[in-house]
Amino acid sequence: MTKGMTSSATLEPFRYSPLDPSIDSIRLVHILPAPNFHDPIHCRLSHVTFAQKPRYEALSYTWGSENHQKKIILDGHDFGVTYNLFDALRYLRDTQVERGIWIDAISIQQEDIPERNKQLSIMPIIYERARVVLVWLGHTSASSVSNENTWDNPDILDSICKNHYWGRVWIVQEIGVARRVWLQVNKDKVEWSTFIAMLKKSGNFDNSVPVKLQTQLEDKYNEGHKLRNLLESHQDSLCREARDKIYGFVGLASDCYDGFPMDYRKSLFEVWKDTVIFKNRDRSEYQYDILKFGRLVRRLLGGRDIVTAGEVEADISSRKASTAAPKLLLNSSGEINGPPEILMVPVLLAGRIIYIGPTYRDIIADVQSIPRWRAKINQYLPDQKASAHEENDYFLEALEEAEDFQLEAVSDFNHDISWNFAKRQHIIEDAEYRIPIPDSDSSATHNRTEMDSSTGPRLFLLGGGTSYQFSSGKMGLVPPSARVGDFICRVNGIQKAVILRKANGVLKVVGTAIMAENSYKAREAKEKYRTIRPDFQTPEFEVLDTNKLSIYIDVAIAYQLLG
(Lines give C-alpha, C1' and ligand atoms only; values in the text may rest on other atoms or scores of the structure.)
Protein backbone atom coordinates (compact mmCIF):
# COMPACT_ATOMS: atom_id res chain seq x y z
CA MET A 1 0.00 0.00 0.00
CA THR A 2 1.20 3.52 -0.80
CA LYS A 3 2.91 5.32 2.07
CA GLY A 4 0.45 7.39 4.08
CA MET A 5 -2.67 5.73 2.55
CA THR A 6 -5.55 5.31 4.93
CA SER A 7 -7.30 1.94 4.82
CA SER A 8 -9.78 -0.06 6.83
CA ALA A 9 -9.26 -3.25 4.86
CA THR A 10 -6.53 -4.55 2.59
CA LEU A 11 -7.18 -5.87 -0.90
CA GLU A 12 -4.75 -6.91 -3.59
CA PRO A 13 -3.12 -3.84 -5.19
CA PHE A 14 -4.43 -2.84 -8.59
CA ARG A 15 -2.51 -3.80 -11.73
CA TYR A 16 -3.06 -2.07 -15.07
CA SER A 17 -3.85 -3.89 -18.30
CA PRO A 18 -1.79 -2.27 -21.07
CA LEU A 19 -3.39 -0.08 -23.70
CA ASP A 20 -3.04 -1.19 -27.30
CA PRO A 21 -0.09 0.91 -28.57
CA SER A 22 -1.14 0.43 -32.21
CA ILE A 23 -4.32 2.50 -31.89
CA ASP A 24 -5.25 5.74 -30.15
CA SER A 25 -7.05 4.65 -27.01
CA ILE A 26 -7.63 5.82 -23.45
CA ARG A 27 -8.90 4.49 -20.14
CA LEU A 28 -12.10 5.90 -18.71
CA VAL A 29 -12.83 5.85 -14.98
CA HIS A 30 -16.43 4.86 -14.28
CA ILE A 31 -17.51 6.07 -10.84
CA LEU A 32 -20.08 3.56 -9.62
CA PRO A 33 -23.20 4.99 -7.93
CA ALA A 34 -23.81 4.79 -4.19
CA PRO A 35 -26.85 5.83 -2.17
CA ASN A 36 -24.89 7.42 0.68
CA PHE A 37 -22.29 10.18 0.46
CA HIS A 38 -19.81 8.42 2.79
CA ASP A 39 -20.05 4.99 1.16
CA PRO A 40 -16.72 3.56 -0.06
CA ILE A 41 -15.78 4.73 -3.54
CA HIS A 42 -15.90 2.01 -6.17
CA CYS A 43 -14.72 2.60 -9.74
CA ARG A 44 -14.06 0.49 -12.79
CA LEU A 45 -11.78 1.10 -15.76
CA SER A 46 -12.64 0.64 -19.42
CA HIS A 47 -10.44 0.87 -22.51
CA VAL A 48 -11.99 2.87 -25.35
CA THR A 49 -10.68 4.03 -28.72
CA PHE A 50 -11.35 7.38 -30.29
CA ALA A 51 -12.81 5.49 -33.26
CA GLN A 52 -15.63 4.41 -30.93
CA LYS A 53 -16.53 8.09 -30.37
CA PRO A 54 -16.83 7.63 -26.59
CA ARG A 55 -18.94 10.04 -24.56
CA TYR A 56 -17.14 11.08 -21.42
CA GLU A 57 -16.15 14.00 -19.20
CA ALA A 58 -12.57 15.03 -18.32
CA LEU A 59 -11.43 16.20 -14.91
CA SER A 60 -9.19 19.22 -14.43
CA TYR A 61 -7.94 19.50 -10.85
CA THR A 62 -4.99 19.92 -8.51
CA TRP A 63 -3.31 16.65 -7.57
CA GLY A 64 -2.28 17.73 -4.09
CA SER A 65 0.32 15.96 -1.97
CA GLU A 66 1.08 12.37 -2.94
CA ASN A 67 2.64 11.63 0.44
CA HIS A 68 -0.78 11.14 2.03
CA GLN A 69 -3.38 9.17 0.14
CA LYS A 70 -6.80 7.63 0.64
CA LYS A 71 -8.06 4.34 -0.71
CA ILE A 72 -10.63 3.72 -3.41
CA ILE A 73 -11.65 0.36 -4.86
CA LEU A 74 -10.71 0.10 -8.55
CA ASP A 75 -11.89 -3.03 -10.34
CA GLY A 76 -12.02 -4.75 -6.96
CA HIS A 77 -8.49 -3.77 -5.93
CA ASP A 78 -6.93 -1.15 -3.67
CA PHE A 79 -5.87 2.04 -5.43
CA GLY A 80 -4.41 5.11 -3.73
CA VAL A 81 -5.46 8.65 -4.69
CA THR A 82 -4.65 12.04 -3.20
CA TYR A 83 -7.03 13.63 -0.75
CA ASN A 84 -8.19 16.21 -3.28
CA LEU A 85 -8.98 13.58 -5.91
CA PHE A 86 -10.76 11.47 -3.29
CA ASP A 87 -13.00 14.45 -2.48
CA ALA A 88 -13.66 15.03 -6.18
CA LEU A 89 -14.69 11.42 -6.74
CA ARG A 90 -17.02 11.54 -3.74
CA TYR A 91 -18.74 14.76 -4.83
CA LEU A 92 -18.92 13.76 -8.51
CA ARG A 93 -20.46 10.37 -7.72
CA ASP A 94 -24.14 9.98 -8.53
CA THR A 95 -26.61 8.09 -6.37
CA GLN A 96 -28.13 6.09 -9.22
CA VAL A 97 -26.03 6.01 -12.41
CA GLU A 98 -22.33 5.52 -13.06
CA ARG A 99 -20.33 8.40 -14.45
CA GLY A 100 -17.52 8.02 -17.03
CA ILE A 101 -14.64 10.48 -16.56
CA TRP A 102 -11.07 10.68 -17.85
CA ILE A 103 -8.80 11.35 -14.84
CA ASP A 104 -5.07 11.50 -15.53
CA ALA A 105 -3.90 10.08 -12.18
CA ILE A 106 -6.00 6.94 -12.73
CA SER A 107 -6.40 6.74 -16.50
CA ILE A 108 -2.65 6.81 -17.16
CA GLN A 109 -0.26 4.22 -15.77
CA GLN A 110 2.11 6.84 -14.40
CA GLU A 111 5.07 4.50 -13.89
CA ASP A 112 4.98 3.35 -17.54
CA ILE A 113 6.98 6.14 -19.17
CA PRO A 114 6.32 5.13 -22.82
CA GLU A 115 2.58 5.00 -22.11
CA ARG A 116 2.79 8.29 -20.25
CA ASN A 117 4.59 9.91 -23.17
CA LYS A 118 1.94 8.65 -25.61
CA GLN A 119 -1.01 9.68 -23.45
CA LEU A 120 0.37 13.14 -22.75
CA SER A 121 0.98 13.68 -26.47
CA ILE A 122 -2.75 13.12 -27.15
CA MET A 123 -3.97 14.89 -24.02
CA PRO A 124 -5.13 17.96 -25.99
CA ILE A 125 -7.42 15.67 -27.99
CA ILE A 126 -8.61 13.93 -24.81
CA TYR A 127 -9.77 17.25 -23.34
CA GLU A 128 -11.05 18.54 -26.66
CA ARG A 129 -13.21 15.43 -27.28
CA ALA A 130 -14.70 15.46 -23.77
CA ARG A 131 -18.36 16.50 -23.61
CA VAL A 132 -17.48 18.66 -20.59
CA VAL A 133 -14.26 19.56 -18.82
CA LEU A 134 -14.99 19.61 -15.09
CA VAL A 135 -12.88 22.06 -13.11
CA TRP A 136 -12.77 20.72 -9.55
CA LEU A 137 -11.96 23.58 -7.15
CA GLY A 138 -12.13 21.45 -4.02
CA HIS A 139 -14.23 20.71 -1.02
CA THR A 140 -15.00 23.56 1.34
CA SER A 141 -16.95 23.75 4.57
CA ALA A 142 -17.82 27.40 3.88
CA SER A 143 -21.35 28.54 3.03
CA SER A 144 -22.89 26.85 0.01
CA VAL A 145 -22.75 28.36 -3.45
CA SER A 146 -25.67 26.28 -4.59
CA ASN A 147 -26.93 28.51 -7.39
CA GLU A 148 -25.53 30.99 -9.88
CA ASN A 149 -26.90 33.97 -7.95
CA THR A 150 -24.89 32.91 -4.91
CA TRP A 151 -21.72 32.47 -7.00
CA ASP A 152 -22.13 36.10 -8.04
CA ASN A 153 -20.80 37.36 -4.73
CA PRO A 154 -17.56 39.41 -4.47
CA ASP A 155 -16.23 37.40 -1.53
CA ILE A 156 -16.96 34.06 -3.16
CA LEU A 157 -15.51 35.19 -6.50
CA ASP A 158 -12.39 36.44 -4.73
CA SER A 159 -12.00 33.13 -2.91
CA ILE A 160 -12.38 31.17 -6.15
CA CYS A 161 -9.86 33.35 -8.01
CA LYS A 162 -7.32 32.74 -5.21
CA ASN A 163 -7.75 28.96 -5.36
CA HIS A 164 -4.47 27.06 -5.80
CA TYR A 165 -5.96 25.44 -8.89
CA TRP A 166 -5.21 28.53 -11.00
CA GLY A 167 -1.47 28.16 -10.42
CA ARG A 168 -1.24 24.84 -12.32
CA VAL A 169 0.60 24.62 -15.63
CA TRP A 170 -1.79 22.12 -17.22
CA ILE A 171 -4.99 24.15 -16.78
CA VAL A 172 -3.95 26.42 -19.65
CA GLN A 173 -4.21 23.46 -22.03
CA GLU A 174 -7.11 21.68 -20.32
CA ILE A 175 -9.36 24.74 -20.38
CA GLY A 176 -7.85 26.10 -23.58
CA VAL A 177 -8.95 23.19 -25.79
CA ALA A 178 -12.23 22.40 -24.00
CA ARG A 179 -15.53 22.75 -25.84
CA ARG A 180 -17.47 23.28 -22.62
CA VAL A 181 -16.24 23.96 -19.08
CA TRP A 182 -18.00 23.72 -15.74
CA LEU A 183 -16.52 24.81 -12.40
CA GLN A 184 -17.48 22.89 -9.28
CA VAL A 185 -17.10 23.42 -5.52
CA ASN A 186 -18.64 20.66 -3.41
CA LYS A 187 -21.87 19.77 -5.25
CA ASP A 188 -22.29 23.29 -6.59
CA LYS A 189 -21.25 24.24 -10.11
CA VAL A 190 -21.38 27.04 -12.65
CA GLU A 191 -20.61 27.21 -16.36
CA TRP A 192 -17.38 28.92 -17.44
CA SER A 193 -19.01 31.64 -19.54
CA THR A 194 -21.33 32.58 -16.68
CA PHE A 195 -18.40 32.64 -14.24
CA ILE A 196 -16.34 34.91 -16.53
CA ALA A 197 -19.31 37.22 -17.01
CA MET A 198 -19.57 37.55 -13.21
CA LEU A 199 -15.89 38.43 -12.91
CA LYS A 200 -16.07 41.03 -15.67
CA LYS A 201 -19.26 42.52 -14.29
CA SER A 202 -17.58 43.02 -10.93
CA GLY A 203 -14.66 44.92 -12.46
CA ASN A 204 -12.35 43.83 -9.63
CA PHE A 205 -10.86 40.75 -11.27
CA ASP A 206 -9.33 41.98 -14.52
CA ASN A 207 -5.89 40.71 -13.45
CA SER A 208 -7.14 37.35 -12.20
CA VAL A 209 -5.97 34.15 -13.88
CA PRO A 210 -9.46 33.16 -15.10
CA VAL A 211 -9.95 36.49 -16.89
CA LYS A 212 -6.45 36.28 -18.39
CA LEU A 213 -7.22 32.75 -19.57
CA GLN A 214 -10.42 33.98 -21.19
CA THR A 215 -8.49 36.73 -22.99
CA GLN A 216 -6.09 34.10 -24.25
CA LEU A 217 -8.97 31.90 -25.41
CA GLU A 218 -10.34 34.81 -27.41
CA ASP A 219 -6.93 35.08 -29.09
CA LYS A 220 -6.75 31.33 -29.65
CA TYR A 221 -6.22 31.40 -33.39
CA ASN A 222 -3.66 34.19 -33.44
CA GLU A 223 -0.01 34.54 -32.44
CA GLY A 224 -0.92 34.46 -28.75
CA HIS A 225 -0.96 30.66 -28.84
CA LYS A 226 2.57 30.15 -30.09
CA LEU A 227 4.73 28.14 -27.70
CA ARG A 228 6.99 31.04 -26.80
CA ASN A 229 4.08 33.33 -25.95
CA LEU A 230 2.48 30.64 -23.79
CA LEU A 231 5.74 30.03 -21.90
CA GLU A 232 6.21 33.75 -21.28
CA SER A 233 2.60 34.37 -20.25
CA HIS A 234 2.46 31.45 -17.80
CA GLN A 235 6.02 31.24 -16.55
CA ASP A 236 4.88 31.43 -12.91
CA SER A 237 2.56 28.43 -13.20
CA LEU A 238 3.31 25.47 -10.94
CA CYS A 239 3.80 21.77 -11.57
CA ARG A 240 5.31 18.73 -9.87
CA GLU A 241 7.43 17.71 -12.86
CA ALA A 242 9.91 20.27 -14.25
CA ARG A 243 9.46 19.02 -17.83
CA ASP A 244 5.79 19.96 -17.64
CA LYS A 245 6.82 23.61 -17.61
CA ILE A 246 7.36 23.01 -21.34
CA TYR A 247 5.26 19.95 -22.13
CA GLY A 248 2.17 21.42 -20.45
CA PHE A 249 1.81 23.99 -23.24
CA VAL A 250 2.72 21.91 -26.28
CA GLY A 251 -0.82 20.66 -26.88
CA LEU A 252 -2.19 24.20 -26.98
CA ALA A 253 0.60 25.86 -28.97
CA SER A 254 -0.40 26.62 -32.55
CA ASP A 255 3.16 26.10 -33.80
CA CYS A 256 3.37 22.60 -32.26
CA TYR A 257 0.73 20.97 -34.44
CA ASP A 258 3.42 19.24 -36.48
CA GLY A 259 4.81 17.66 -33.36
CA PHE A 260 7.15 18.32 -30.46
CA PRO A 261 9.59 15.73 -29.02
CA MET A 262 7.93 15.04 -25.65
CA ASP A 263 9.74 12.32 -23.71
CA TYR A 264 9.92 12.06 -19.92
CA ARG A 265 12.96 9.81 -20.21
CA LYS A 266 15.03 12.77 -21.42
CA SER A 267 17.19 14.80 -19.08
CA LEU A 268 16.28 18.42 -18.38
CA PHE A 269 19.24 19.52 -20.52
CA GLU A 270 17.93 17.43 -23.43
CA VAL A 271 14.49 19.01 -22.98
CA TRP A 272 16.18 22.44 -23.04
CA LYS A 273 17.95 21.58 -26.29
CA ASP A 274 14.76 20.18 -27.83
CA THR A 275 12.85 23.36 -27.00
CA VAL A 276 15.48 25.77 -28.31
CA ILE A 277 15.99 23.72 -31.48
CA PHE A 278 12.23 23.63 -31.99
CA LYS A 279 12.07 27.42 -31.77
CA ASN A 280 15.03 27.75 -34.11
CA ARG A 281 13.26 25.65 -36.75
CA ASP A 282 10.73 28.44 -37.24
CA ARG A 283 12.11 30.16 -40.33
CA SER A 284 9.11 32.50 -40.50
CA GLU A 285 10.69 34.57 -37.74
CA TYR A 286 14.11 36.14 -37.44
CA GLN A 287 15.55 34.49 -34.35
CA TYR A 288 17.46 37.52 -33.11
CA ASP A 289 16.69 36.73 -29.47
CA ILE A 290 17.12 32.96 -29.46
CA LEU A 291 19.50 33.08 -26.47
CA LYS A 292 17.04 35.17 -24.51
CA PHE A 293 14.47 32.47 -25.22
CA GLY A 294 17.01 29.85 -24.15
CA ARG A 295 17.51 31.66 -20.86
CA LEU A 296 13.73 31.65 -20.24
CA VAL A 297 13.48 27.92 -20.96
CA ARG A 298 16.40 27.13 -18.64
CA ARG A 299 14.79 29.10 -15.83
CA LEU A 300 11.48 27.28 -16.35
CA LEU A 301 13.22 23.91 -16.17
CA GLY A 302 15.04 24.74 -12.94
CA GLY A 303 17.89 27.15 -13.63
CA ARG A 304 21.64 26.65 -13.84
CA ASP A 305 21.56 23.33 -12.00
CA ILE A 306 19.75 21.37 -14.72
CA VAL A 307 23.14 20.24 -16.05
CA THR A 308 26.78 20.44 -14.96
CA ALA A 309 29.50 22.21 -16.91
CA GLY A 310 31.21 18.86 -17.40
CA GLU A 311 28.08 17.32 -18.90
CA VAL A 312 27.74 20.20 -21.36
CA GLU A 313 31.40 19.82 -22.39
CA ALA A 314 30.88 16.10 -22.87
CA ASP A 315 27.83 16.79 -25.05
CA ILE A 316 29.79 19.24 -27.19
CA SER A 317 32.69 16.82 -27.57
CA SER A 318 30.44 13.94 -28.57
CA ARG A 319 28.67 16.06 -31.17
CA LYS A 320 31.97 17.23 -32.61
CA ALA A 321 33.21 13.66 -32.87
CA SER A 322 30.04 12.45 -34.56
CA THR A 323 30.10 12.02 -38.34
CA ALA A 324 26.51 13.26 -38.26
CA ALA A 325 27.51 16.55 -36.62
CA PRO A 326 25.55 19.48 -38.11
CA LYS A 327 27.38 21.44 -40.81
CA LEU A 328 27.11 25.03 -42.01
CA LEU A 329 26.73 26.03 -45.63
CA LEU A 330 27.44 29.41 -47.23
CA ASN A 331 24.89 30.53 -49.81
CA SER A 332 25.42 32.78 -52.81
CA SER A 333 24.41 35.86 -50.82
CA GLY A 334 27.17 35.35 -48.30
CA GLU A 335 24.76 34.18 -45.60
CA ILE A 336 25.30 30.98 -43.67
CA ASN A 337 22.59 28.33 -43.69
CA GLY A 338 22.55 25.46 -41.28
CA PRO A 339 20.42 22.87 -39.54
CA PRO A 340 18.27 23.85 -36.54
CA GLU A 341 20.96 22.55 -34.16
CA ILE A 342 23.05 25.55 -35.25
CA LEU A 343 21.79 28.84 -33.83
CA MET A 344 22.32 32.17 -35.53
CA VAL A 345 23.03 34.69 -32.75
CA PRO A 346 23.17 38.42 -33.62
CA VAL A 347 25.78 40.38 -31.69
CA LEU A 348 26.53 44.09 -31.61
CA LEU A 349 30.06 45.36 -31.72
CA ALA A 350 30.46 47.41 -28.55
CA GLY A 351 34.07 48.45 -29.06
CA ARG A 352 37.65 47.38 -28.74
CA ILE A 353 39.81 46.64 -25.71
CA ILE A 354 42.28 49.50 -25.32
CA TYR A 355 43.63 48.68 -21.87
CA ILE A 356 43.73 45.66 -19.54
CA GLY A 357 44.26 46.43 -15.90
CA PRO A 358 44.34 44.76 -12.48
CA THR A 359 42.71 41.48 -11.60
CA TYR A 360 39.35 41.33 -9.88
CA ARG A 361 41.07 40.03 -6.76
CA ASP A 362 43.58 42.89 -6.75
CA ILE A 363 40.97 45.62 -7.20
CA ILE A 364 39.11 44.18 -4.19
CA ALA A 365 42.07 43.38 -1.92
CA ASP A 366 44.79 45.90 -2.87
CA VAL A 367 43.54 49.41 -2.15
CA GLN A 368 46.57 50.93 -3.95
CA SER A 369 45.36 49.43 -7.21
CA ILE A 370 42.20 51.60 -7.17
CA PRO A 371 43.86 55.03 -7.67
CA ARG A 372 46.17 53.52 -10.30
CA TRP A 373 43.14 52.17 -12.14
CA ARG A 374 41.40 55.54 -11.94
CA ALA A 375 44.50 57.20 -13.36
CA LYS A 376 44.34 54.84 -16.33
CA ILE A 377 40.73 55.90 -16.93
CA ASN A 378 41.96 59.51 -17.21
CA GLN A 379 44.71 58.41 -19.58
CA TYR A 380 42.75 56.16 -21.91
CA LEU A 381 39.30 57.82 -21.85
CA PRO A 382 40.18 61.52 -21.64
CA ASP A 383 37.09 62.68 -23.52
CA GLN A 384 34.69 60.62 -21.40
CA LYS A 385 36.25 61.03 -17.97
CA ALA A 386 33.15 62.23 -16.13
CA SER A 387 30.80 59.44 -17.22
CA ALA A 388 33.59 56.84 -17.08
CA HIS A 389 34.47 57.63 -13.45
CA GLU A 390 30.80 57.58 -12.43
CA GLU A 391 30.38 54.25 -14.18
CA ASN A 392 33.56 52.95 -12.54
CA ASP A 393 32.35 53.84 -9.04
CA TYR A 394 29.13 51.92 -9.61
CA PHE A 395 31.01 49.02 -11.21
CA LEU A 396 33.45 48.64 -8.32
CA GLU A 397 30.54 48.65 -5.89
CA ALA A 398 28.88 45.91 -7.95
CA LEU A 399 32.09 43.86 -7.90
CA GLU A 400 32.18 44.06 -4.12
CA GLU A 401 28.71 42.47 -4.05
CA ALA A 402 29.41 39.87 -6.74
CA GLU A 403 29.37 36.17 -5.92
CA ASP A 404 31.90 33.76 -7.41
CA PHE A 405 29.30 32.09 -9.63
CA GLN A 406 28.56 35.45 -11.28
CA LEU A 407 32.22 35.81 -12.23
CA GLU A 408 32.08 32.44 -13.98
CA ALA A 409 30.61 34.37 -16.92
CA VAL A 410 34.17 35.51 -17.60
CA SER A 411 35.95 32.62 -19.29
CA ASP A 412 38.31 31.50 -22.00
CA PHE A 413 36.57 29.97 -24.98
CA ASN A 414 37.96 26.99 -26.84
CA HIS A 415 35.19 26.12 -29.28
CA ASP A 416 35.07 27.06 -32.93
CA ILE A 417 32.40 29.53 -33.94
CA SER A 418 31.53 30.70 -37.45
CA TRP A 419 30.18 34.09 -38.49
CA ASN A 420 29.25 36.06 -41.57
CA PHE A 421 32.58 37.87 -41.59
CA ALA A 422 32.85 38.00 -45.37
CA LYS A 423 29.63 40.00 -45.60
CA ARG A 424 30.25 42.14 -42.53
CA GLN A 425 34.01 42.55 -42.44
CA HIS A 426 33.64 46.29 -42.97
CA ILE A 427 32.30 46.53 -39.38
CA ILE A 428 35.57 45.15 -37.99
CA GLU A 429 37.70 47.16 -40.39
CA ASP A 430 35.84 50.36 -39.49
CA ALA A 431 36.35 49.63 -35.78
CA GLU A 432 40.08 49.13 -36.36
CA TYR A 433 40.20 52.52 -38.05
CA ARG A 434 38.07 54.34 -35.47
CA ILE A 435 39.68 52.76 -32.41
CA PRO A 436 43.44 52.65 -32.88
CA ILE A 437 45.47 50.93 -30.19
CA PRO A 438 47.54 53.41 -28.15
CA ASP A 439 51.20 53.37 -29.19
CA SER A 440 52.34 52.19 -25.78
CA ASP A 441 50.26 49.04 -26.13
CA SER A 442 50.15 48.34 -29.85
CA SER A 443 52.71 45.55 -29.74
CA ALA A 444 51.80 44.14 -26.36
CA THR A 445 49.94 40.93 -25.81
CA HIS A 446 48.75 42.50 -22.55
CA ASN A 447 49.57 45.68 -20.70
CA ARG A 448 52.79 44.68 -19.03
CA THR A 449 52.63 47.54 -16.52
CA GLU A 450 49.57 46.00 -14.89
CA MET A 451 50.03 42.31 -15.65
CA ASP A 452 51.60 39.79 -13.33
CA SER A 453 51.59 36.04 -12.93
CA SER A 454 48.21 35.95 -11.18
CA THR A 455 45.18 34.54 -12.89
CA GLY A 456 41.50 35.29 -12.90
CA PRO A 457 39.29 37.97 -14.46
CA ARG A 458 40.89 41.33 -15.20
CA LEU A 459 39.41 44.79 -15.57
CA PHE A 460 39.52 46.34 -19.02
CA LEU A 461 38.69 49.63 -20.69
CA LEU A 462 36.71 49.78 -23.91
CA GLY A 463 37.48 52.12 -26.77
CA GLY A 464 34.84 53.21 -29.26
CA GLY A 465 32.00 53.40 -26.77
CA THR A 466 29.69 56.39 -26.44
CA SER A 467 28.01 58.18 -23.54
CA TYR A 468 24.25 57.99 -23.84
CA GLN A 469 21.41 56.18 -22.12
CA PHE A 470 21.45 52.98 -24.15
CA SER A 471 25.17 52.68 -24.87
CA SER A 472 27.49 49.93 -23.72
CA GLY A 473 29.53 50.28 -20.58
CA LYS A 474 33.11 51.51 -20.95
CA MET A 475 34.67 48.77 -18.84
CA GLY A 476 34.23 45.25 -17.61
CA LEU A 477 36.00 41.97 -16.83
CA VAL A 478 37.83 39.72 -19.31
CA PRO A 479 39.67 36.40 -18.89
CA PRO A 480 43.50 36.28 -18.70
CA SER A 481 43.74 35.27 -22.36
CA ALA A 482 42.21 38.56 -23.57
CA ARG A 483 44.45 41.02 -25.39
CA VAL A 484 44.49 44.69 -26.16
CA GLY A 485 42.94 45.06 -29.61
CA ASP A 486 40.34 42.32 -29.12
CA PHE A 487 36.76 43.23 -30.00
CA ILE A 488 33.93 43.08 -27.48
CA CYS A 489 30.47 42.16 -28.78
CA ARG A 490 27.24 42.33 -26.81
CA VAL A 491 24.82 39.41 -27.04
CA ASN A 492 21.09 40.04 -26.93
CA GLY A 493 19.42 39.04 -23.67
CA ILE A 494 22.37 37.55 -21.76
CA GLN A 495 25.00 38.98 -19.44
CA LYS A 496 27.96 37.50 -21.25
CA ALA A 497 29.68 39.41 -24.01
CA VAL A 498 31.88 37.60 -26.54
CA ILE A 499 35.49 38.47 -27.29
CA LEU A 500 36.53 38.34 -30.95
CA ARG A 501 40.11 38.39 -32.15
CA LYS A 502 41.28 39.07 -35.69
CA ALA A 503 44.37 37.16 -36.74
CA ASN A 504 45.62 36.57 -40.28
CA GLY A 505 42.38 37.88 -41.72
CA VAL A 506 40.25 35.46 -39.69
CA LEU A 507 37.99 36.16 -36.72
CA LYS A 508 38.06 33.83 -33.72
CA VAL A 509 36.00 33.80 -30.54
CA VAL A 510 38.53 33.61 -27.72
CA GLY A 511 36.48 34.19 -24.60
CA THR A 512 33.51 35.69 -22.84
CA ALA A 513 33.36 38.85 -20.74
CA ILE A 514 30.97 40.81 -18.58
CA MET A 515 30.43 44.53 -19.00
CA ALA A 516 29.55 47.24 -16.56
CA GLU A 517 26.23 49.02 -16.82
CA ASN A 518 26.63 52.49 -18.28
CA SER A 519 26.39 55.37 -15.83
CA TYR A 520 22.77 56.17 -16.72
CA LYS A 521 21.45 52.68 -15.97
CA ALA A 522 23.68 52.19 -12.93
CA ARG A 523 22.49 55.48 -11.44
CA GLU A 524 18.87 54.57 -12.14
CA ALA A 525 19.31 51.16 -10.49
CA LYS A 526 20.87 52.63 -7.36
CA GLU A 527 18.08 55.18 -7.02
CA LYS A 528 15.54 52.36 -7.33
CA TYR A 529 17.15 49.76 -5.06
CA ARG A 530 19.21 52.06 -2.78
CA THR A 531 22.20 49.88 -3.50
CA ILE A 532 24.11 48.52 -6.46
CA ARG A 533 23.27 44.94 -7.30
CA PRO A 534 25.75 42.81 -9.27
CA ASP A 535 23.43 42.64 -12.29
CA PHE A 536 25.95 43.26 -15.02
CA GLN A 537 24.83 44.62 -18.35
CA THR A 538 22.23 42.47 -20.09
CA PRO A 539 21.49 44.21 -23.38
CA GLU A 540 18.11 44.05 -25.05
CA PHE A 541 18.01 45.05 -28.70
CA GLU A 542 15.93 44.46 -31.78
CA VAL A 543 17.28 43.67 -35.24
CA LEU A 544 19.88 46.33 -35.90
CA ASP A 545 22.15 46.54 -38.93
CA THR A 546 24.62 49.06 -37.57
CA ASN A 547 27.58 47.26 -35.98
CA LYS A 548 25.71 43.93 -36.11
CA LEU A 549 27.47 40.64 -36.76
CA SER A 550 25.97 37.16 -36.63
CA ILE A 551 27.73 34.25 -35.00
CA TYR A 552 26.66 30.66 -35.65
CA ILE A 553 26.94 28.25 -32.74
CA ASP A 554 25.97 24.72 -31.79
CA VAL A 555 23.01 24.57 -29.42
CA ALA A 556 25.13 23.13 -26.57
CA ILE A 557 27.72 25.88 -26.99
CA ALA A 558 24.84 28.36 -26.85
CA TYR A 559 23.96 26.93 -23.45
CA GLN A 560 27.49 27.75 -22.26
CA LEU A 561 27.02 31.35 -23.33
CA LEU A 562 24.01 31.68 -21.03
CA GLY A 563 26.35 31.58 -18.03
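This is a walk through one protein chain, from its overall make-up to some single residues. The model is predicted, so please read every position below as part of a prediction.

Let's begin with the whole chain. It holds 21 helices and 20 strands. Of its 563 residues, 53% are buried.

Strands of a sheet pair through backbone hydrogen bonds, either parallel or antiparallel. Here, nine strands make an open sheet, and their order across it is 5-4-2-1-6-3-7-8-9, with mixed pairing. Which strands stand at the edges? They are strand 5 (77-82) and strand 9 (188-191). Each has a single partner strand, so one side of each is left without a neighbour in the sheet. If you compare the directions of neighbouring strands, ignoring which way they run, they are turned by 40° against each other on average.

Strand 7 (residues 132-136) and strand 8 (residues 181-185) run parallel and are joined by four bridges. Within this pair, Leu134 stands opposite Trp182 of strand 8. Helix 1 (residues 83-92) packs on the sheet, and the strands it touches include strand 1 (25-31), strand 3 (57-60), strand 4 (69-74) and strand 6 (99-102). Strand 5, strand 7 and strand 8 are also touched by helix 1, whose direction makes about 110° with that of strand 5.

Two loops beside these strands deserve a stop. In the loop between strand 4 and strand 5 you will find Asp75, and its phi is near 50°, a positive value in a residue other than glycine. Asn186 sits in the loop between strand 8 and strand 9, and its phi is near 55°, again positive in a residue other than glycine. Are these residues buried or partly exposed? Asp75 has 36% relative accessibility, so it counts as partly exposed. Asn186 has 11%, so it counts as buried; the cut-off for buried is under 20%.

Helix 8 (residues 192-202) lies across strand 8 and strand 9, and runs at about 80° to strand 9. Helix 8 also meets helix 9 (residues 209-218): their axes come within 10 Å and cross at roughly 115°. This crossing is left-handed. On the helix 8 side, the residues that meet helix 9 are Trp192, Phe195, Ile196, Leu199 and Lys200. Their counterparts in helix 9 are Pro210, Val211, Leu213, Gln214, Leu217 and Glu218. Sorted by class, this contact has eight nonpolar, one polar and two charged residues.

Helix 12 (residues 268-280) and helix 13 (residues 290-301) pack at an angle of about 150°, and their axes are 10 Å apart. Helix 12 passes helix 13 in a right-handed crossing. Among the residues making the contact are Leu268, Val271 and Trp272 of helix 12 and Ile290, Phe293 and Val297 of helix 13. By class, the contact divides into eight nonpolar, three polar and two charged residues.

Strand 15 (residues 458-463) and strand 16 (residues 475-478) run antiparallel, joined by four bridges. In this pairing, Leu459 stands opposite Leu477 of strand 16. Which way do the residues of strand 16 point? Met475 and Leu477 point one way, Gly476 and Val478 point the other way, and all are buried.

Asp412 belongs to strand 13 (residues 411-412). Its relative accessible area is 42%, so it is partly exposed. Leaving aside neighbours within four places in sequence, Asp412 is in contact with Pro479, Pro480, Ser481, Val510 and Gly511. Asp412 and Ile499 are 87 residues apart in sequence and 9.2 Å apart in space, C-alpha to C-alpha.

Finally, look at the cysteines. How many disulfides does a search of the whole structure find? It finds zero. Cys161 has a relative accessible area of 13% and is buried, whereas Cys239, at 30%, is partly exposed.

Technical notes: Residues are numbered from 1 along each chain as its sequence is written. This is a predicted model: local features need pLDDT of at least 70, side-chain atom pairs count only at pLDDT 80 or more; totals for chains, interfaces and linings use all residues. Side-chain values use heavy atoms; hydrogens and water are left out. Axes are lines fitted to C-alpha atoms, for helices over the stretch in contact, and angles run from 0 to 180 degrees between N-to-C directions. A crossing is left-handed if the near helix is turned anticlockwise from the far one by less than a right angle, and right-handed if clockwise. Contact means heavy atoms within 4.5 Å. Ala, Val, Leu, Ile, Met, Phe, Trp, Tyr, Cys and Pro count as nonpolar, Asp, Glu, Lys and Arg as charged, and the others, Gly among them, as polar. Two strands pair if DSSP finds at least two bridges between them. Buried means under 20% relative accessible area, exposed over 50%, partly exposed in between (1.4 Å probe, protein chains only). A disulfide is a pair of cysteine sulfur atoms within 2.5 Å.
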